[in-house]
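Got your viewer open and ready? Let's take a walk through this model, one selection at a time.

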Amino acid sequence: MSSDDEFMSDQLSDDQYEDDDYSLGELEEDDDRYLDDVKDEKPSKKAYEVDYKVHSDEQIRAAQQIQIEEVSSILGLPGEQCAILLRFFKWQKDRLIEKYMDTPDEVLEDAGLGPGYEAPAVLEKLKGFSCEICCDDERGLETYAMKCGHRYCADCYRQYIESKIKDEGEASRIECPSEGCSRIVGSKTIDLLVPSEINHRYRELLNRTYVDDKPNLRWCPAPNCEYVVDCAIRPTQLHSIVPTVQCSCSHQFCFGCGYADHLPCPCLLVKKWLKKCEDDSETANWISANTKECPKCVSTIEKNGGCNHMTCRKCKHEFCWVCMGPWQEHGTSWYNCNRFEEKSGSEARDQQAKSRASLERYLHYYNRYDNHDHSAKLDKDLYVKTEKKMTTLQSSSGLSWIEVQYLEAASKVLQQCRQTLKWTYAFAFYLERNNLTYIFEDNQKDLEMAVETLSSLFEMPTDQLANAKKEMMDRTAYVNSRRIILLEDTAKVLAEENWKFTVDLKQ
Amino acid sequence: MAQAAKRITREYTEIEANPPQGITIQPIDEDMFKWNIEITGPKESIYAGGTFKLLLTLPTNYPFKPPVLSFQTKIYHPNVTNDDKGSMCLGILRSDQWKPSCKILAVLEMARGLLMEPNPDDAVETSIAEQYKNDKAAFEKTAKAWVKQYAK
């Protein structure tokens with residue numbers, strides 16, 4: 001029963017917690033004893049969870065506006081200039097204010113806001129003007145220049161800005177079109193020159209640089225998602241925590257690296273593992289099957305001819321392909337190895353075996369990682385099928401919509417656990433052998449068995465599914481509790497920095 | 001396009017009227033968007049005595065995008081890719097650093113300047129750049145041998 005409770009509570013979102021608080025407030029008046037009970041059951045934050053908030057696009061814009069206004073009131077400068085200054089200082093407000101107090105002119109100049117910036121942006125027609133960019137010198141040509149005085153025709157100016165925004169995605173650091181002039185093109189100029197849809201894009205890009213500049217913000221990486229996650233975890237903490245967050249669009253990802261949920265594996269190991277798999281997995285399989293290593297320099301060698309007399313291309317070591325011993329000990333027995341018992345040969349084979357063992361070890365973890373990755377994809381198909389099953393179930397057994405929701409819940413938990421299992425294998429690959437590792441592997445085994453059992457329930461024909469409701473719900477709760485136990489245990493040891501890895505996590 | 005042509009013609013006339021040292025230009029077609037360039041190795045440089053053919057390609061939205069410059073003659077240089085393209089990608093040739101007020105002449109002079117003094121900190125061939133920094137004698141030997149072999 002307790003596992004059931006854990007499962008239910010884990011399903012609650014932050015909003016629902018708040019609702020809980022609210023209802024607690026109401027209960028207080030009625031029955032204090034009851035309140036205590038409820039309090040005890042209220043879940044505390046788990047070791048693998050982090051605090052975070054999700055912001056919408058509008059909230060991000062508003063947050064910028066507040067800071068701009070604040071700086072504006074402190075420095076006594078117009079908002080637009082403060083916006084440029086803040087972006088120039090990568091939104092480090094205090095540093096900006098401090099610097100500005102010390103050397104205002106220098107700060108303004110560096111940010112491209114030199115003297116006389118305030119004047120309104122207007123187009124002018126000048127006599128005898130020739131545009132240096134397009135070489136046009138028609139009469140009545142509209143021209144534009146910022147205060148730096150580098151004047152070009154309005155068309156060229158516009159085209160320059162448009163190509164910066166559209167092609168290069170530049171916004172906060174667009175400079176004057178003149179070579180060597182680093183004056184920033186501000187939003188007044190943009191408003192004057194470019195059409196509204198590009199202006200819109202410009203604002204979007206400005207918004208984006210804000211998120212990019214702030215270390216506590218990160219865009220949700222899901223396609224077309226416009227939410228931003230706000231989390232206080234810093235890159236320097238990533239060796240002791242895996243900051244997994246869930247966006248309002250429901251996508252779960254790691255705040256540290258932006259990769260999809262990779263609990264319980266720390267970011268650095270994920271990076272190393274993905275790189276290794278990209279480089280190695282296919283190759284490793286082939287190498288394992290077709291090659292041996294040179295007994296001297298351990299270069300990998302593929303035998304491409306019939307002769308057993310091998311000469312390593314790299315170190316020129318000559319050896320026998322069959323017994324791996326040095327070739328000169330073979331004396332006159334060319335093409336016929338009869339020295340298998342010799343010591344030098346057996347040492348070379350030991351060396352060979354070690355190198356093979358490390359390859360086999362990698363493949364052990366890789367194959368299991370890959371299997372869960374693959375199964376997770378199949379589970380997505382399963383999810384689609386589940387929806388169909390739910391519909392059939394409703395019509396065949398007379399169950400209501402709400403009564404068949406357990407199928408969807410089970411399917412979701414299954415996918416999530418596969419995701420976790422997948423990363424446990426990458427994690428385990430980098431673990432040294434010790435007691436903690438054994439405990440971890442036990443947890444991993446328990447979760448894996450639970451997942452496979454639940455997974456097999458889904459294979460059941462639809463007509464039997466209705467009878468299996470109770471079992472399925474129990475299994476789902478159990479699987480989920482196994483996942484929580486594994487994540488909780490792993491995160492605790494990680495936070496204490498007690499895992500012994502074969503690589504340094506702090507590089 | 002018409003806008004670009006006008007500007008290119010203007011630049012061509014300017015260069016013709018006042019030809020830079022060690023550089024010759026020859027537009028390939030009438031529309032002037034591709035130029036054959038020849039640069040002679042500066043006297044004091046390790047490329048002295050060599051003549052290098054280059055191809056200058058101007059994008060249709062020139063001058064809002066930078067020209068593309070590539071060595072047709074093989075050259076051993078940290079800033080030129082060691083393949084059949086001979087591409088260069090540094091300084092004002094990069095679109096984030098290019099400004100529409102930059103001129104073709106500046107690009108050509110930069111290329112010749114790089115023959116005088118390679119820029120190993122913005123290299124495309126990192127191994128050549130390493131050699132240039134750590135074993136200059138070996139670098140010069142190969143570079144000179146290539147001049148003899150390809151640029152005479």
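Predicted model: local features only at pLDDT ≥ 70, side-chain atom pairs only at ≥ 80, totals over all residues.

**Stop 1**

Now step back and select residues 79-88 of chain A, which make up helix α5. This helix is mostly covered, with eight of its 10 residues buried. To pick out the buried ones, highlight A:Glu80, A:Gln81, A:Cys82, A:Ala83, A:Ile84, A:Leu85, A:Leu86 and A:Arg87. What covers them? Show α4 (57-75), α6 (93-102), α7 (104-110), α9 (187-193) and α10 (196-213) of chain A, which are included in the cover.

**Stop 2**

Is A:Asn207 buried or exposed? The cut-off for buried is under 20% relative accessible area, so A:Asn207, at 3% relative accessibility, counts as buried. Its side chain has a polar partner: the side chain of A:Asp57, at 2.9 Å. Leaving aside neighbours within four places in sequence, A:Asn207 is in contact with A:Asp57, A:Ile60, A:Arg61, A:Gln64 and A:Trp219.

**Stop 1: the largest nonpolar core**

Move along chain A and select A:Trp273, A:Leu407, A:Phe427, A:Met472, A:Val479, A:Trp499 and A:Phe501. Of the 54 residues in the largest nonpolar core, these touch the most other members. Color the helices next: α11 (267-290), α12 (343-397), α13 (405-429), α14 (435-457) and α16 (469-495) of chain A each supply at least two residues of this core. The largest share, 13 residues, comes from α13(A).

For a close-up, center on A:Met472. Setting aside neighbours within four places in sequence, A:Met472 is in contact with A:Tyr406, A:Leu407, A:Ala410, A:Leu454, A:Leu457, A:Phe458 and A:Leu465. There is another core, apart from this one, with 41 residues; among them are B:Ile8, B:Ile23, B:Tyr47 and B:Met88.

**Stop 2: chain B**

Among the contacts in chain B with a separation of 6 or more, 55% are between residues 24 or more positions apart.

**Stop 3: where the chains meet**

Finally, show both chains together. The contact takes 20 residues from chain A and 16 residues from chain B. About 1,500 Å² is buried between the two chains, 48% of it on carbon and sulfur atoms. Pick out A:Ile133, A:Cys135 and A:Glu179: they supply 34% of the area that chain A buries against chain B, more than any other three residues.

For the charged links, select B:Lys99 and A:Glu175, which form a salt bridge with the closest N and O atoms 3.2 Å apart. The count between the chains is four salt bridges, and 12 residue pairs are in polar contact. On the side of chain A that touches chain B, the largest share, seven residues, comes from helix α8 (residues 154-168) of chain A. By class, that side has nine nonpolar, four polar and seven charged residues.

Key. Residues numbered from 1 in each chain as written. Chains lettered and ligands numbered in written order. Heavy atoms only, no water. Contact = heavy atoms within 4.5 Å. Buried area = accessible area lost by both parts, 1.4 Å probe. Salt bridge = Lys/Arg side-chain N within 4 Å of Asp/Glu carboxyl O. Polar contact = N/O pair within 3.5 Å; in protein donor to acceptor, adjacent residues only side chain to side chain. Helix = DSSP H or I, 4+ residues; strand = E, 2+ residues; numbered from the N terminus. Nonpolar A, V, L, I, M, F, W, Y, C, P; charged D, E, K, R; others polar. Core = buried A, V, L, I, M, F, W, Y, C linked by side-chain atoms within 4.5 Å. Buried < 20%, exposed > 50% of the residue type's maximum accessible area, 1.4 Å probe, protein only.
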